Amino acid sequence: MSDTVEYELAYWRIRGLREAIVYLLEYVGAKYKLIEYDQGKEWLAVKPSFPSWINLPYLKHQGRLLVQSNAILRYIGRQNDLCGKTEDEKAKVDVITDQVMDLRNAFVTVSYRSDGTPESFKAYVENIQTQLIKLTDLLGDQKFFAGDEVTFPDFHAFEMLDQHLIFQPSILDKYGKLKEYHARMAALPAIAAYRSSDRFRAWPLNNYMAKFGGGNDQPGPALP
C-alpha cells in the first residue's frame, strides 16, 4: 500500500470528479493533500502558472503531474495493483471504466443543461434505465465489477450510484444487484471510515450553476 508517499489532489470544492479519486486514495491508505478551489476566480488566478494542458482535477506525485480523472484513477490503481490481475479482469476494468463515464456524462447533462424542472428530471430517470441495465449485466453475480477483488473503476462506479441515490433515493429499487453492490462498497472499512468522518462532505455534488447538485445547502432529492 502507498502509505508513505504524498499525493496532491486539486479540484473544485465539490464532489464532482474528485470523490472517486479520494475514495481510492483512502482505500489504499495513501497520504494525500487536498487542494480545493472556489468556483471561479481562485482557480483562474493560478491556472496560468501551470502548463497549457492543465485542468481540474490534477494530481501531483513524485514529480509527475496528471490530469483527466480516469488517467488519475488508473495511475493510482496501477501503483497499488488495482487494475486487474488476469487479462480477463483487465479487460473488464477497461470496459467498466468507460461505461461508468457514460453514466457520469449523462448525469452531468441533466444536472447542468436541463431546465431543472420535475419533467426533465423524470425524463432523465426514464432514459437512464438503459445505463443501469448495462451496469447490472456487467456486474452479473460478481462482488465487484472485475470479479471478487476491488479494482480502481469500482470507486467511480460507487460514487456515481451514490450521486444517483441522492438524486432519487428509489432509483436502484429495481436493480437489486447494483443496490447490494453500492452497500458492499460503502461497507469497505476504509470507505466507511472516511464517509463517517468530518473530512467527507456529502454536498455539493456540482458547481453553483447546476440545476441539481449545486449550492451550499442540500435541498433534498430531485425526485422521490
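Tutor: Happy to! The model is a predicted one, so please read every value here as computed from it. Stepping back into the helix itself, α3 spans residues 69-79, and its buried residues are Ser69, Asn70, Ile72, Leu73, Tyr75, Ile76 and Gly77. The cover over these buried residues includes the strands β1 (6-12), β3 (58-61) and β4 (64-67), along with the helices α1 (18-27), α4 (87-113) and α6 (153-167).

Beyond its neighbours within four places in sequence, Ile76 is in contact with Tyr7, Ile21, Leu24, Leu25 and Leu59. Ile76 and Leu178 are the residues with the most contacts inside the largest nonpolar core, which has 58 residues. Elements giving two or more residues to this core include α3, β1, α1 and α6, and α6 provides the largest share, 8 residues. A second, separate core has 12 residues, among them Ala10, Tyr11, Ile35 and Leu56.

Two of the helices covering α3, namely α1 and α6, also pack against each other, at an angle of about 130 degrees with their axes 8 Å apart. On the α1 side, Glu19, Ala20, Tyr23, Leu24 and Tyr27 meet Phe155, His156, Phe158 and Glu159 of α6. Sorted by class, this contact has 6 nonpolar, 1 polar and 2 charged residues. Leu24 links the two parts of the picture: it is in contact with Ile76 and takes part in the meeting of α1 with α6.

Key. Residues are numbered from 1 along each chain as its sequence is written. This is a predicted model: local features need pLDDT of at least 70, side-chain atom pairs count only at pLDDT 80 or more; totals for chains, interfaces and linings use all residues. Side-chain values use heavy atoms; hydrogens and water are left out. Buried means under 20% relative accessible area, exposed over 50%, partly exposed in between (1.4 Å probe, protein chains only). Helices (H or I, at least four residues) and strands (E, at least two) are DSSP runs, numbered from the N terminus. Contact means heavy atoms within 4.5 Å. Axes are lines fitted to C-alpha atoms, for helices over the stretch in contact, and angles run from 0 to 180 degrees between N-to-C directions. Ala, Val, Leu, Ile, Met, Phe, Trp, Tyr, Cys and Pro count as nonpolar, Asp, Glu, Lys and Arg as charged, and the others, Gly among them, as polar. A nonpolar core is a set of buried Ala, Val, Leu, Ile, Met, Phe, Trp, Tyr and Cys residues joined through side-chain atoms within 4.5 Å.
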